[in-house]
Amino acid sequence: MKIRLSAIALPFLALLFHACGTGHHGRTHEDYQVWGIDVSRHQANIDWDQVARRNRPDFVFLKATEGTLIADPSYEKNARKLDELGILRGAYHFFGHRTPGREQAENFIKTADLSRGNLLPVLDIEKHRFMTDPEKTVKEAREFCKTVKKKYGVNPIIYCSTLFYEEYLKADFPAGEYILWLADYRGNPAHHRWTFWQHTETHRLHGIKGNVDRNVFAGSGDELNKYTIR
């Protein structure tokens, strides 16, 4: 089933996205009240009950897939538990530089199994030793996005570092067309119109052993709900 944002929601998102990308200068992560985490199998067995009780996040992004064949073994369990607890969740795909983008998207769509009320899908694209041809990487990433959009009616959120975006993606994935989730541990990437900002990879939470990525959202809780599948 193809799930699309309503015709009313799309213009609203465009305006909200533009607003989220302005007025960031001089602000730190502490200035943003809506926050969340992203996790994968590397966080092992998460005690979500304790997380929800002691430091409940507003949203969680779960790793679903990587490349054309890999599915994160923790995804289904974490997704079920977050739904049980009523925590807003989404899913991301870690891009592989050696396989076709369309096939990667098919792996993601099948595994993530996103539906109404989930956060919009995410493409996580990063510098890797297998990235030997940046132009091919960009081409296949666009194929990934094209396939995801055909399924859900919207482009996926683009996750990457600020530097990676500036060097490789800015021209082909403009902020006016794609929602940006930028990782920048140096400080607020205020010169880009970001919607999500991953400000640290060393956050600690009760219920999770070791470090976890922490992210903030440039808007209110009600505005965050506009970034869900409808």
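Two strands pair if DSSP finds at least two bridges between them. Helices (H or I, at least four residues) and strands (E, at least two) are DSSP runs, numbered from the N terminus. The model is predicted, so that local features need pLDDT of at least 70 and side-chain atom pairs count only at pLDDT 80 or more, while totals for chains, interfaces and linings use all residues. Residues are numbered from 1 along each chain as its sequence is written, and side-chain values use heavy atoms, with hydrogens and water left out.

Begin by selecting β2, residues 59–66. Seven of its eight residues are buried (under 20% relative accessible area, against over 50% for exposed and in between for partly exposed; 1.4 Å probe, protein chains only).

At Glu 66, the residue opposite in β4 is Phe 94.

Then display β1, residues 35–39. Four bridges connect β1 with β2, again in parallel; Val 39 has Leu 62 of β2 as its bridge partner.

Select helix α2, residues 48–55, where the buried residues are Trp 48, Gln 50, Val 51, Ala 52 and Asn 55. These pack against β1, β2 and α3 (75–85), contact being heavy atoms within 4.5 Å. Together, β1, α2 and β2 form a right-handed β-α-β unit: with the strands pointing away from the viewer, the path from the first strand over the helix to the second runs clockwise.

Finally, move to β3, residues 70–71, which pairs antiparallel with β2 over two bridges. Ile 70 is the bridge partner of Glu 66. Three residues lie between the strands of this hairpin, and Gly 67 adopts a positive phi near 65°.
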